[in-house]
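Dear colleague,

I am handing over the structure below, with my notes following it. Please read them alongside the coordinates.

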Amino acid sequence: MPVDMRMLYLIVPLAPLFGAIVAGLCGRLIGRTGAHVVTIAGMVVSFIASVLVFQDVLAGHTFNGTVYTWLALGDLRIEIGFLIDALTAMMMLVVTFVSLMVHIYTIGYMHDDPGYQRFFSYISLFTFSMLMLVMSNNFLQLFFGWEAVGLVSYLLIGFWYTRETAVYASLKAFLVNRVGDFGFILGIGLVLAHFGTLDYATVFAKAPTLANETITLWPDSPWSLMTVIGILLFIGAMGKSAQFPLHVWLPDSMEGPTPISALIHAATMVTAGIFMVARMSPLYELSDTVLSLIMVIGAITALFMGLLGMVQNDIKRVIAYSTLSQLGYMTVALGASAYSVAVFHLMTHAFFKALLFLAAGSVIIAMHHNQDIRYMGGLRKYMPITWITTLIGSLALIGAPFLSGFYSKESIIEAARMSHLAGAGFAYFAVLAGVFVTAFYSFRLYFLVFHGKERFHQGHAHGNEADQHHHHSGVPQETPWVVTAPLLALALPSLAIGYMTIEPMLFGDFFGHAIYVADRHPVMHELNQEFHGAMEMGLHALTTLPFWLTAAGVGLSAFFYLKRPDIPAALAQRFNFLYRMLYNKYWFDELYNWAFIKGARVLGSALWRRGDQNIIDGFFVNGSARLVERFSRLLKAFQSGYIYHYAFAMLIGVFALVTWFARLN
Amino acid sequence: MLNNLLTLVIWVPILAGAVVLATGSDRNAVLARWLALAGALLGLIVAIPLATGFDSTTSAMQFVEKTPWIPAFNIHYHLGIDGISMPLILLNSFITVLVIIAGWQVIQDRVAQYMAAFLIMSGLINGVFAALDGILFYVFFEAMLIPLYLIIGVWGGPNRVYAALKFFLYTLLGSFLMLVSMIYLYFQSGGSFDILTWHGTVLGMTAQTLMFFAFLLAFGVKVPMLPVHTWLPDAHVEAPTGGSVVLAAITLKVGAYGFLRFILPILPDASHELAWVVIMLSLIAVVYIGLVALVQADMKKLIAYSSVAHMGFVTLGFFLFNPLGAEGGLVQMVSHGFVSAALFLCIGVMYDRLHSRQIKDYGGLASRMPVFAAFFMLFAMANSGLPATSGFVGEFMVIMASSQVNFWYALVIATTLITGASYTLWMYKRVVFGAITNPHVEEMTDVNAREILLLGVLAVLVLGMGVYPKPLTDVMHVSVVDLLAHVAQSKLP
């Protein structure tokens, strides 16, 4: 391994970090232009370095080495280091590319924002954290990156810190993620306790020998160690990748500026959980129980979160529910042991979902920060680039044949069909039904925004209160090139990346040893049997069920929202309970608010008032003080200073003594 | 000169305090401030050779000084440090400089006395960490309470007398039992007050058990452990900013230090036998206090409760009897020294401007004080145990160590990831974010150069220790391993 490659590995994360520090600390000094120049330069360097690393990995070079020792206690060494293989290299490319696009886009989107420099600093810091996460060769650094992306996500969701909803959403996101991290760190604790190290390579090598190890969590019930570790680590993934029931933070995270919705809450951070499980495939392959659990959780998320997208009216929230649903798809693939399929969908999704969000941002700019799709319509005339790119993104999302999303999603559906684990039947049904749902809500959004009647002159009473100064007249305008250029740049991979890469990524040896699949789980093998090239796959799809479900979804939304808008309204009336249930997101927020937020405060108050104030302070501390006081008051009474009191006491004393002595004799 | 380093570390601040005291009335306040700063810096400078000249390959006591003090009772002026006490002396000497600077403008009343109290306390606390003679330890241990009592009682808030007295009596209660134990050890060890001799003294189980509870009360009050923690929130609320900083950053550490110097090595069998007591109290503390902290309306109370929860990690780490846990506890002590100091300084910054510590009086600070908000965010995150801050390191180590011993310990203690973040960030949100509702907040000015210096230095330390904690654990590792090996050996007759 040449030394210069190692330098390159360091440059990839450090260039964005440098940009973040300069823009963050010297923001006032370097001004707005300085801030975006320095951070974008850092991203360009990082992206180029990632490309070089990727080529090097394609040439067959992998790397696993230490940067420095974080902690050393005798034999235990916890290190910061890099593991560079195909999985890492691919993630690095996706992260740096999408991040670079988002950086450029931000110049336009945040143009008038007073926090311009701070924003650039944050997104560069995010990129650094995400890169540290994916490049890690050990659990500690993984956790570092894991929490660090959570931190930046928190800072960015609450970026407009005077807005109460944004601040609330940021805190919610951080705390829900912390619930996931709680499980995650316990999983890491068990790994350290049973493997004696946090280094991936050592843990993975040793894992098969501990496959049948059990631990006793409570007497007389041994648990498979791998199952417990797998579940705990997956709880972390559920937080970060917003899987049911820890999904509640992601829709609210849309309070943040749109560029970060694209970067963090669609393309990169939320896929960290998927990446993590794929990375840990040597552990997950050892427990069918966990794989089943993963598949079921993913299936629930894929279907039920998608349903919510059908009734939302905020443009970003619709896309957010779509993200939840797509993350569920990836999770199903993980559960089916089709890790490479999950990562493949992660990649295609990163491109088309970032595209959709950035396009939504473009629409939001044109709509002067009104995000309600009921007040849009007919925009295709005014915003041709945004329109075309959104169409591409939407087609990719619903899995139209030959587009990138088609290849990855079709593979997930097939993987679910072929899996033999418990729960696979439900998962197959969920992802299949999800296809229809996805097509419906995606094109509902598309038609409402770009087609039909122009409704953007009708009041903003129900709009998002994002912008206080939206008095606009005239027609919407296409956004400047810094906004549209990233759209076009993301549209290309959304179109073609699936077609180009499905063969090497799923059926070639691109991932090599980065992903391990046990022989017991032959799903990938069976998929390979059916696969006869990308072209063939696209043509064949035209005769299959998912394609017709997609077509039905698009057709129904066209009928509903272009021809007969009275029907969905009537349905909402007719099935009012169902509609309210979806609109209120199954009342999860209310439930959690009541059970956890309110519960914790009531409990905290009770403990404080009863425990600390009444019992400890009231009874013991002040009580003993009062006891002393009373006792001394009693004593004080004896020292009245009157001679006759003393004389009387003496008399009694003499009398008592005499009596006593008399009795003794 | 180098032979008497520990003497210098103890007496330089005390003498400096005496000199400052000599400046007398507030007419000489400027002189008193500068003298105090010089004294504190000198105290820090003489402490630095302890780190640079420290040999971290041995667990033996270093920089040892021993001369007879009261020969009749075989009491010596016996000093020495190992990898456990050395970082604490440096922490103390460093924090002293900070509190002198922190009180620069805020304290306008009886300046010389205020500054002198901190200097004298600093020397006495160094004495606690360096003493190897039981009686010498006891003298320092008790004497350090007096300046702190005065700081709270004289420069404190409206309810200062109640708080000071509560603090004083609480801590005094435990230490009398400790004195009795020490006298018992004197006789058992054949007439020695040498702590290192006590480490080898054979003791029966009953004696060990009784002394375990005596020491537990003495040190547990200081830590403070549940349920003897209620003096801390009151003391913090009434103390001036500097007092809170020292209280949180240093005095709590004295209690935890006592666990390592007395309870574990002198009473190893009782420690093993009764470890569950400490473990349970620590686990309950983390959960109970986490919930109590959530509902506090006063920022100082909130951070005070958070201190109790964080110290729960320390005591838990010590009683897991593995190096990861014990060193995690020590790292947590040092980290908490930085983070709690920083948080109390932050609250001080706000208090100096608005004269309120109530969360509800704030809101929207970020709009008026962006630099301050950034610092406060960093320290709030460190308090929530975010990786790459010092707050993470100790918590991580103790959670990892607990998983090795018992999964359920780890499960309970790891809830701090949720509760710690909840109470800290919820407070932060209400104070810093949102729209400005209180018109007085509108007039608040951002941190000045002096405050940036204070918070900046702490920020560098918090981040540095989070990114690279190895130097710290390297210093303590050999001493801790040796201590644990010692604890593993029974001392029953």
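This is a predicted model: local features need pLDDT of at least 70, side-chain atom pairs count only at pLDDT 80 or more; totals for chains, interfaces and linings use all residues.

The hairpin in chain B

S1(B) and S2(B) run antiparallel and are joined by 6 bridges; for the terms, strands are DSSP runs of E with at least two residues and helices are runs of H or I with at least four, numbered from the N terminus, and two strands pair if DSSP finds at least two bridges between them. Between the two strands of this hairpin there are 4 residues, and B:Asn74 takes a positive phi near 60° there. B:Asn74 has its place in the loop between strand S1 (62–70) and strand S2 (75–81) of chain B, and it counts as partly exposed because it has 18 C-beta neighbours inside 10 Å. The cut-offs behind that word are 20 or more other C-beta atoms within 10 Å for a buried residue, 12 or fewer for an exposed one, and anything in between for a partly exposed one, with the C-beta atoms placed from the backbone.

As background, most residues other than glycine have a negative phi, and most peptide bonds are trans. In chain A, the loop between H8 and H9 holds A:Ala242, which has a positive phi of about 50° although it is not a glycine. A:Ala242 counts as buried because 29 other C-beta atoms lie within 10 Å. The loop between helix H8 (225–240) and helix H9 (249–252) of chain A is also the place of A:Pro245, and a cis peptide bond, with omega about 0°, joins A:Phe244 and A:Pro245. In chain B, a cis peptide bond with omega about 0° joins B:Leu226 and B:Pro227, and B:Pro227 is placed in the loop between helix H9 (205–222) and helix H10 (231–238) of that chain.

Helix packing

H10(B) is mostly covered, with 8 of its 8 residues buried, and these buried residues pack against helix H6 (145–155), helix H7 (160–188), helix H11 (241–266) and helix H14 (299–318) of chain B. Among the buried residues of H10(B) are B:Trp231, B:Asp234, B:His236 and B:Glu238.

In chain A, the axes of helix H11 (residues 272–279) and helix H15 (residues 339–366) come within 10 Å and cross at roughly 155°, where axes are lines fitted to C-alpha atoms, for helices over the stretch in contact, and angles run from 0 to 180 degrees between N-to-C directions. H11(A) and H15(A) are therefore roughly antiparallel to each other, since angles over 145 degrees count as roughly antiparallel, those under 35 as roughly parallel, those from 65 to 115 as roughly perpendicular and the rest as oblique. The contact is made by A:Ile274, A:Phe275 and A:Ala278 of H11(A) and by A:Tyr339, A:Ala342, A:Val343 and A:Leu346 of H15(A), two residues being in contact if their C-beta atoms, placed from the backbone, lie within 7 Å. By class, the residues of this contact divide into 7 nonpolar, no polar and no charged, where Ala, Val, Leu, Ile, Met, Phe, Trp, Tyr, Cys and Pro count as nonpolar, Asp, Glu, Lys and Arg as charged, and the others, Gly among them, as polar.

The secondary structure of chain A comes to 26 helices and 4 strands, and buried residues make up 55% of its 665 residues. The C-alpha atoms of chain A fill a box of roughly 125 × 65 × 60 Å along the principal axes.

The contact between the chains takes 43 residues from chain A and 42 residues from chain B. On the side of chain A that touches chain B, the largest share, 15 residues, comes from H6(A), and that side has 28 nonpolar, 8 polar and 7 charged residues.

With best regards

Technical notes:
Residues are numbered from 1 along each chain as its sequence is written. Chains are lettered from A and ligands numbered from 1 in the order in which they are written.
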